[in-house]
Amino acid sequence: MYYKRVIIDEKGKRHIANSAGEFVVMDVLTKCGVSFDSEVSFPDLKGDKDLLRFDFCVHLKGKDILIEVDGRQHKKKTRFTSPNLLKYDKMKDDYCANKGIIFYRINYSSGNTRFVRRELKNILIKEGLEWRILNNGLQKVEGDIWRRVS
């Protein structure tokens with residue numbers, strides 16, 4: 001089953017989650033009021049054909065923090081594993097290390113969304129966010145579209 005959910009942030013920008021793990025990251029960032037972009041690429045980081053994309057770029061306290069949510073296909077061959085996935089993962093790791101970019105990988109191979117939420121919380125605290133999940137959360141608008149409610 002293919003997973004796709006859309007979250008609309010405070011500025012009205014749509015973010016598409018391709019996994020439940022990505023949806024959890026979007027949910028937490030939106031609830032915390034943290035600015036982020038999804039599916040971020042750099043012109044000088046290219047795979048065999050296309051630019052390589054990072055799941056999220058979080059804008060926090062004047063820093064840009066890249067985050068990848070790695071499903072089980074990043075560790076074990078599944079029907080979602082592309083032939084170049086591990087090569088591209090290493091290219092992303094090396095790119096961030098060489099450019100001095102803050103980069104985290106959240107392991108979502110177990111399918112445990114609580115683990116993703118906890119790992120993201122730890123990353124945000126480490127990077128300077130005063131942890132405060134707002135009482136208001138996300139509300140389903142229609143179909144698979146969600147919006148933050150105030």
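This is a predicted model: local features need pLDDT of at least 70, side-chain atom pairs count only at pLDDT 80 or more; totals for chains, interfaces and linings use all residues.
**Aromatic pairs, a buried lysine and the cysteines**

F56 has a relative accessibility of 1%, so this phenylalanine counts as buried.

A pair of aromatic rings is described by how far apart the centres lie and by the angle between the planes. In this model, 4 aromatic pairs are found. One of them joins F36 to F56 in an edge-to-face arrangement, with the centres 6.0 Å apart and the planes at 65°. Because F36 belongs to strand β3 (residues 35–46) and F56 to strand β4 (residues 51–60), this pair ties together parts of the chain that are 20 residues apart in sequence. F36 is buried too, as its relative accessible area is 3%.

A further edge-to-face pair is formed by F42 and F54, where the centres are 5.9 Å apart and the planes make an angle of 80°. Here again strands β3 and β4 are involved: F42 lies in β3 and F54 in β4, and the pair links distant parts of the chain, 12 residues apart. F54 has a relative accessible area of 0% and is therefore buried. The rings of F42 and F54 also belong to a cluster, in which ring pairs link them with Y95 and F103.

Is the lysine at position 92 buried or exposed? K92 counts as buried, because its relative accessibility is 8%, under the 20% cut-off. This lysine is part of helix α2, which spans residues 85–99. K92 lies over the face of F54, at 5.3 Å from the ring centre. Leaving aside residues up to four places away in sequence, K92 touches L45, L52, R53, F54, E68, F103 and R105. F54 and F103, both on this list of contacts, are also members of the ring cluster described above.

The cysteines complete the picture. A disulfide is a covalent bond that joins the sulfur atoms of two cysteines. How many disulfides does a search of the whole structure find? The search gives 0. For C57, the reason can be read from a distance: the closest cysteine sulfur, in C96, is 9.7 Å from the sulfur of C57, which is too far for a bond; a disulfide needs the two sulfur atoms within 2.5 Å. C57 has a relative accessibility of 7%, so this cysteine counts as buried. C32 is likewise counted as buried, because its relative accessibility is 2%.

Definitions and conventions
Residues are numbered from 1 along each chain as its sequence is written. Side-chain values use heavy atoms; hydrogens and water are left out. Helices (H or I, at least four residues) and strands (E, at least two) are DSSP runs, numbered from the N terminus. Buried means under 20% relative accessible area, exposed over 50%, partly exposed in between (1.4 Å probe, protein chains only). Contact means heavy atoms within 4.5 Å. Rings of Phe, Tyr and Trp (its six-membered ring) pair if their centres lie within 6.5 Å; planes under 30 degrees apart count as stacked, over 60 as edge-to-face and the rest as tilted. A charge sits over a ring if NZ of Lys or CZ of Arg is within 6 Å of the ring centre and within 35 degrees of the ring normal.
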